Amino acid sequence: MLSPLRRYLPILDWGRRYDRATLGNDLLAAVIVTIMLIPQSLAYALLAGLPPEAGLYASIAPILLYTVFGTSRVLAVGPVAVVSLMTAAAIGQVATEGSMGYAAAALSLALLSGGILLLMGVFRLGFLANFLSHPVIAGFITASGILIATSQLKHVLGIPAEGHTLIELVQSLLAHLYQINWITLLIGASATGFLFWVRKGLKPLLLRMGLGAGAADIATKAGPVAAVVTATALTALLRLDLQGVAIVGAVPQSLPPLTLPDFSPDLLSMLLVPALLISVIGFVESISVAQTLAAKKRQRIDPDQELIGLGAANIGAAFTGGYPVTGGFSRSVVNYDAGAETPAAGAFTALGLAIAALALTPLIFFLPKAVLAATIIVAVISLVDFSILRRAWAYSKADFAAVLATVLLTLGLGVEVGVSAGVIVSLLLYLYKASRPHVAEVGLVPGTQHFRNIHRHKVETDPTLLTLRVDESLFFANARFLEDLILGRVAGDSPVKHVVLMCSAVNEIDLSALESLEAINARLAEMGVGFHLSEVKGPVMDRLEQTHFLDALNGTVFLSQWDAMQQLTPGAAAAQT
């Protein structure tokens, strides 16, 4: 009876094998990730334009729900930088930051995102994410990292600034530079420098001092907490808030509340497209991390079930005061490195965050927002990867143009335009490449029965025989290209008496392509040229046999290209034997 349920409830699979050793490893990982997540959750809520407690709330119920429905053993679900930025951009268009409507819109956005992900999972649409070009997504994330870091400079400088594009942000920052709060700048710059040093230099220092690798790693992960504690204590003791240093202020001391999203049709319609984009980007980021970490332990990730897990997590966030979430790269890597063995580590992390929400929130009243901004800046700098432009330029100019366009549009017009452009460019790039398949004219390798590209190998050909190998399935997007190529080639080469289409790489022929083949056959017959097929795969042949194409074919279907050459150019074939 449990077998069908395990497809949708992976906890029934790993839960029955849970033991004391696994519990110990999961608890240790949870402690480390919780220490990391407390300041990070607060910071990402700030990035989304929401109260800091929203970050904690978005890291509790969603993690618990993913524990039940997710397939990754180590993926840590919660607020992430890019989704937080996209949330701020989406909600900023329908509500004013700080208002009740803004928080309600965040809940609605999470609900829509969760619903989209859940439906995609139920209908097994995870494959759609494969149509997003990885270089384009990398370009979008790089541009988003720049936008995020720039947007946080206002908190480090202690000045007001607004904008959703790089130009708007820079102009706003420059216009308010005269309002810099120097104490805030000192706190923000010190925290940023300290966190960068913690990330790069603290662990080697502790190891040189003789501390064990495990303890040094925990101390490094606790670096942001140290920055938060120190800055909060100094601000409280010196009352720096009275000197213009912006602080977090009062944070509710409670577990995540039960909340109800705004179901207004007008609001939902305005948030639908942003929710779709957030769902797609969040899923791509999450599945990439999950599959990378699963491969290291030879574990399997089910993309469709991951959609259900992430969908459930977002719906949970919508009803517990959160906002859209997904699997985070940095926290998942930390979870993996800390020894997490099952999703139960996430559940223990949620428990730790719940304790923090109940007991520790009064202690962050004097936490400077500049420190949270520093936490975000240090976290997102790792997202910025300009090397993708260099690699794309070296490998494919088309990919380079797509990545560059995505980066520039994201920086210049904002994240929604940027990610929309990325999705559109990915699809256009795919369609362009699919519409112009690689077609090679092949000849016989001397002394063998193998056929290779005449432009790459020394091969033997016969002027009366034209053999073209199509390295792609034939469908509506490329059918006309093949038709024009064959007819153009034959029209300019009068000695050709036979054309053989070598189909060894053709996995499918759709109706549009079939009509093009029929047109090619008819035109070649009018020219007195035979049209033949060779090395047709079984499933493709099965489909062709259900049509009248083979009856109308003026040539033959050969089992192999060697058979075709033997029959159509017996003189050339005899020379090889």
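Me: Why is tryptophan 393 called partly exposed?

Reply: Tryptophan 393 has a relative accessible area of 47%, and partly exposed is the class between buried (under 20%) and exposed (over 50%), with a 1.4 Å probe and protein chains only. The model is predicted, so local features need pLDDT of at least 70 and side-chain atom pairs pLDDT 80 or more, whereas totals for chains, interfaces and linings use all residues. Residues are numbered from 1 along each chain as its sequence is written, and side-chain values use heavy atoms, without hydrogens and water.

Me: What makes phenylalanine 400 buried?

Reply: Its relative accessibility is 18%, and phenylalanine 400 therefore counts as buried.

Me: How many aromatic pairs does the structure hold, and why is the pair of phenylalanine 194 and tryptophan 197 called tilted?

Reply: There are five aromatic pairs. In this one the ring centres are 6.2 Å apart and the planes stand at 40 degrees, so the pair is tilted; rings of Phe, Tyr and Trp (its six-membered ring) pair if their centres lie within 6.5 Å, with planes under 30 degrees apart stacked, over 60 edge-to-face and the rest tilted. Both residues belong to helix H11 (residues 182-208), three residues apart, about one turn of the helix. Helices (H or I, at least four residues) and strands (E, at least two) are DSSP runs, numbered from the N terminus. Phenylalanine 194 is partly exposed at 33% relative accessibility, and tryptophan 197 is partly exposed at 39%.

Me: Why is the pair of tryptophan 393 and phenylalanine 400 called edge-to-face?

Reply: The planes of these two rings stand at 80 degrees, with the centres 4.9 Å apart, so the pair is edge-to-face.

Me: What sits over the ring of tryptophan 393?

Reply: The charged end of lysine 397 does, 4.7 Å from the ring centre; the term requires NZ of Lys or CZ of Arg within 6 Å of the centre and within 35 degrees of the ring normal.

Me: What is the volume of the largest pocket, and which residues are the closest to its centre?

Reply: The largest pocket has a volume of about 1300 Å³. Of its 44 lining residues, Phe329, Ser330, Ala379, Ser382 and Leu383 are the closest to the centre. On a 1 Å grid over the protein atoms alone, a pocket is an open set of points where a 1.4 Å probe fits, with protein on both sides within 12 Å along at least five of seven lines, and lining residues have an atom within 4 Å of a point. H11 gives the largest share of this lining, seven residues.

Me: What is the volume of the second largest pocket, and which residues are the closest to its centre?

Reply: The second largest pocket has a volume of about 1000 Å³. Of its 43 lining residues, the closest to the centre are Leu46, Gly49, Glu97, Lys154 and His155.

Me: How do you know that helix H6 is mostly covered?

Reply: In H6, 11 of its 11 residues are buried, among them Val82, Leu85 and Ile91.

Me: What makes strands E4 and E8 the edges of the open sheet?

Reply: The six strands follow the order E4-E3-E5-E6-E7-E8, with mixed pairing. Strand E4 (451-453) and strand E8 (557-558) each have a single partner strand, so one side of each is left without a neighbour in the sheet.

Me: How do you know that E3 and E5 pair?

Reply: Three bridges join strand E3 (residues 439-444) to strand E5 (residues 465-470), which run antiparallel, and pairing requires at least two DSSP bridges. Valine 439, for instance, has valine 470 in E5 as its bridge partner.

Terms used: Grid points are joined across faces, edges and corners, and a volume is the space filled by probe spheres set on the points.
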